[in-house]
Amino acid sequence: MLSALIWLPIAGALVISLLPSKYTSSQVRSSALAISLINLLWTVWILTQFDITQSGFQFREFLPWITPLGLNYELGVDGVSVVLLALNSLLTLVAIFSSSENTERPKLLYVMMLLVNGGVSGAFLAQNLMLFFLFYELELIPFFLMISIWGGAKRSYAAVKFLLFTAVSGALVLVSFLGLVWLSGASDFSYQSVLGQALPIGSQVLLLGLMLVGFGIKIPLVPFHTWLPDTYVEASSPVAILLGGVFAKLGTYGLVRFGMGLFPEAWAQVSPFLATWAAVSILYGALAAIAQKDIKRMVAYSSIGHMGYVLLGAAALTPLALVGAVGQMVAHGLILAILFHLVGVVEVKAGTRDLDVLNGLLNPIRGLPSISSLLILAGMASAGIPGLAGFIAEFLVFQGTYSVFPVQTLVAVLGTALTAVYFVILLNRTCFGKLDNSTAYFPQVTTSEKFPALVLAVLILFLGLQPSWLVRWTEATTTALVATVPTPTQQLATSERFLDLNNLELNN
């Protein structure tokens, strides 16, 4: 049942690669759309069978593989991974639909997209550390090729930079996994095997530190973010949708699943540092976005700030904050996808992404009124306006975090205010004002170009008005996960009891 989410797109990629050369770009695209649509429908069916009252893994699968190395084929899905699986399936379909019908080398492009889809699903489903690592690394070469072949003018530089940073990320995660198994004496790399192993707090902090840097690069968080602006800007819009909407979630998922799940005591100890790190990333991303003139680069920097909310929620160790963090992963993926798609349409129609050049796109006769209207909605969602998906996720994070880290939460709230600032700048310069006569009468926007944005806009609005559909899947899992992690107060109480016992023994 879960394996289909992995191997269906991979098998589809194989089928597309074997299509005869007589197939046109449009026909190849239609084949990829059909495969991704089937995959999305299968994901929806799994959602209908998923029991939201259970906190553990469901639909588990096990197949012995390379047993002497502790590597087995183990899959499972819980409340955290099930929503990310749905996001992955949806955004893959959106990315393929957003691509041009006359794409060069279409078979290679859609093969790479489907491989990414299968690999990301495998990472979200893997219940074996080494299996997770294999799927975690599977996306590197497809993304490298998609950036270097279909990217912008500086695509080679961006692709190499992306590959180097993410390769280091994988190496650090692998070292952390190996160290955990070797130091704990676990029999294999199964998640359940290492979950119950106790390690000294010093070893936990060391291994968690490696994991934080590794996943921090993938998200990315400041100061490991330098690959992101170049990569997002040079990637084509469909590839940027997958990078920001799906690929970055491997980092946040890894922190919650493995950082918090496998090193609970160390996570509780470093949580103040994590909250501060999140606040710095949020503030930096917002300030950097304000300074940009390129719309795509502005959206890229906004992603850095918004991913900081996920870390802030995870650091607070409250059920409400963690529910908000997972909700932010989904909301961020939807909002970033619609922004990158709309920016791509604006660039194709207007021929530029420069804020100093664009103006008056909301003009109902000569501009791009429908695209501008959707861009306004997307900007409002990213700024956390009530009634949209971005608001409820951030509100839950703030509400669940303030009692634990009030200063960091207030800094994050300031970051939200700054988000509104740079999106007001973007919308004011691009959508409003007088349309320049020299750039008037843009090419007409087709229905197929608007359709992905309309679908995403409906979802963003629906999840904003019905937030239970965003958080109901994760509540049982996040509550159980937080219960396994001692809060700083609990740790202090434990230390005081330990000292009191030692003093009593000394006095006796």
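This note walks through the pockets, cavities and salt bridges of the structure above.

1. **Before you start.** This is a predicted model, in which local features need pLDDT of at least 70, side-chain atom pairs count only at pLDDT 80 or more, and totals for chains, interfaces and linings use all residues. Residues are numbered from 1 along each chain as its sequence is written, and side-chain values use heavy atoms, with hydrogens and water left out.

2. **The largest pocket.** A pocket here is an open set of points on a 1 Å grid over the protein atoms alone, with protein on both sides within 12 Å along at least five of seven lines, and lining residues have an atom within 4 Å of a point. Grid points are joined across faces, edges and corners, and a volume is the space filled by probe spheres set on the points.

3. **What lines it.** Five helices each supply at least two residues of the lining of the largest pocket: H3 (79–98), H10 (227–234), H11 (237–247), H15 (319–350) and H19 (447–465). H15 provides the largest share of that lining, 5 residues. Helices are DSSP runs (H or I, at least four residues), numbered from the N terminus. By class, the lining of the largest pocket holds 10 nonpolar, 12 polar and 8 charged residues. For these classes, Ala, Val, Leu, Ile, Met, Phe, Trp, Tyr, Cys and Pro count as nonpolar, Asp, Glu, Lys and Arg as charged, and the others, Gly among them, as polar.

4. **The second largest pocket.** Now turn to the second largest pocket, which holds about 530 Å³ of space. Its lining is made of 18 residues, with Leu47, Ala86, Leu459, Leu463 and Trp473 nearest its centre. Helix H2 (25–49), H3, H15, H19 and helix H20 (468–471) each give two or more residues to this lining, and H3 has the largest share, 5 residues. What classes of residue do you find in the lining of the second largest pocket? There are 17 nonpolar residues, 1 polar and no charged ones.

5. **The largest cavity.** The whole structure has 2 cavities of 30 Å³ or more. A cavity is a set of grid points where a 1.4 Å probe fits but cannot get out. The largest cavity has a volume of about 80 Å³, and its lining includes Ser302, His306, His332 and Glu394. H14, H15, H16 and helix H17 (389–401) each supply at least two lining residues, and H15 gives the most, with 5. This lining divides into 4 nonpolar, 6 polar and 1 charged.

6. **The second largest cavity.** About 40 Å³ of space lies in the second largest cavity. Ser302 and His306 are among its lining residues, as are Tyr309 and Tyr422. Helices H13, H14 and H18 each supply at least two residues here, with H14 giving the largest share, 4 residues. The lining has 4 nonpolar, 6 polar and no charged residues.

7. The structure has 8 salt bridges in all, each being a side-chain nitrogen of Lys or Arg within 4 Å of a carboxyl oxygen of Asp or Glu. One of them joins arginine 297 and aspartate 230, at 3.6 Å from N to O. Arginine 297 lies in helix H14 (residues 295–316) and aspartate 230 in helix H10, so the pair ties together parts that are 67 residues apart in sequence. Is aspartate 230 buried or exposed? Aspartate 230 is buried, at 17% relative accessible area, while arginine 297 is partly exposed, at 22%. The cut-offs are under 20% for buried, over 50% for exposed, and in between for partly exposed (1.4 Å probe, protein chains only). Lys161, Asp230 and Arg297 are linked in a salt-bridge network.

8. **Aspartate 356 and its partners.** Aspartate 356 forms a salt bridge with lysine 293, the closest N and O atoms being 3.9 Å apart. This pair links distant parts of the chain, 63 residues apart: aspartate 356 is in the loop between H15 and helix H16 (369–382), and lysine 293 in the loop between helix H13 (264–290) and H14. Aspartate 356 also forms a salt bridge with arginine 429, at 3.7 Å between the closest N and O atoms. Arginine 429 sits in helix H18 (residues 406–430), 73 residues apart from aspartate 356. Aspartate 356 is exposed, at 54% relative accessible area, while lysine 293 is partly exposed at 41% and arginine 429 is partly exposed at 31%.
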